[in-house]
Amino acid sequence: TEMLAEALYIAGYENHALKRQSPEELGAAALLHDVGKLAVRKKLLKRPGCLTPKERKELQQHTVRGEDILRKLEKHDRTLRFEVARELAVFHHERWDGEGYPRGIAGTQIPLGARIVAVADVLDALLSDRCYRRSLSFSRAVQMICQQAGAQFDPGICEIFRECRECFSPHRAGQYGGEFPNKEKWKDCVYGNSKTIKRSTDYRV
């Protein structure tokens with residue numbers, strides 16, 4: 001999440017929104033985006049087969065459960081991070097086309113942070129083994145995300161992600177210092193693609 005937010009910041013995408021919190025703060029808040037799953041039955045989370053409509057509805061409640069958990073924590077620590085974390089928890093499954101949950105909001109009605117987390121979360125899920133499928137290749141994961149531009153995901157974010165895709169590749173992690181990249185080396189990679197991004201579409205505001 002932090003890496004994608006940094007790429008958007010470099011590209012000048014919705015900088016008025018990104019000024020609300022730094023990429024580092026957004027990345028830290030994003031660690032709590034699925035905290036609501038603590039209130040979901042473990043059996044449901046580990047179910048290898050298809051979920052019934054009732055079970056799927058129960059699982060979808062993790063968004064509002066997460067919002068409730070973080071609102072309670074926010075009462076004891078009124079920092080921007082908790083406010084942003086609550087926003088990410090409740091909105092990260094909303095879709096650009098309005099077909100998401102729990103509120104069914106669309107487009108820029110969805111907070112920018114939640115739109116960023118939506119892409120980062122799906123990328124992480126596709127690259128990880130799940131109880132119902134094996135992990136996918138990085139190229140296939142990128143393809144699947146970009147196919148959902150304008151439907152599930154913000155098309156502008158998808159465009160920047162596509163242009164900088166090699167900077168997110170797990171195969172290049174070693175060049176940046178391991179699983180958690182050296183930020184300066186990673187930024188050099190993004191800056192190397194930034195001219196392509198801005199030539200493709202002017203996202204500056």
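A residue is called buried under 20% relative accessible area, exposed over 50%, and partly exposed in between, using a 1.4 Å probe and protein chains only. The model described here is predicted, so local features need pLDDT of at least 70 and side-chain atom pairs count only at pLDDT 80 or more, while totals for chains, interfaces and linings use all residues. Residues are numbered from 1 along each chain as its sequence is written, and side-chain values use heavy atoms, with hydrogens and water left out.

**Salt bridges**

A salt bridge is a side-chain nitrogen of Lys or Arg within 4 Å of a carboxyl oxygen of Asp or Glu. The model has twelve salt bridges by this rule. The table gives some of them.

| Salt bridge | Closest N to O distance |
|---|---|
| Lys37 and Asp34 | 3.5 Å |
| Glu159 and Arg162 | 3.1 Å |

Lys37 is partly exposed at 31% relative accessibility, and Asp34 is partly exposed at 22%.

Helices (H or I, at least four residues) are DSSP runs, numbered from the N terminus. Arg71 and Asp68 are separated by about one helical turn because they stand three residues apart in helix 6 (residues 62-76). Arg71 is partly exposed at 35% relative accessibility, as is Asp68 at 36%. A network of salt bridges links Glu67, Asp68, Arg71 and Arg103.

Glu159 and Arg162 are also three residues apart, about one turn, and both lie in helix 10 (residues 155-163). Glu159 is buried, with a relative accessible area of 16%, whereas Arg162 is partly exposed, at 32%.

**Packing of helices 8 and 9**

Helix 8 (residues 112-126) packs against helix 9 (residues 138-147) at an angle of about 145 degrees, and their axes are 10 Å apart. Axes are lines fitted to C-alpha atoms over the stretch in contact, and angles run from 0 to 180 degrees between N-to-C directions. Contact means heavy atoms within 4.5 Å. From helix 8, Val119, Val122, Leu123 and Leu126 meet Phe138, Ala141, Met144 and Ile145 of helix 9. The residues of this contact are eight nonpolar, no polar and no charged, where Ala, Val, Leu, Ile, Met, Phe, Trp, Tyr, Cys and Pro count as nonpolar, Asp, Glu, Lys and Arg as charged, and the others, Gly among them, as polar.

**Ser22**

Ser22 lies in the loop between helix 2 (15-18) and helix 3 (23-30). Ser22 is partly exposed, at 25% relative accessibility. Ser22 and Glu2 are 20 residues apart in sequence, with their C-alpha atoms 8.7 Å apart.

Note on methods
Helix = DSSP H or I, 4+ residues; strand = E, 2+ residues; numbered from the N terminus.
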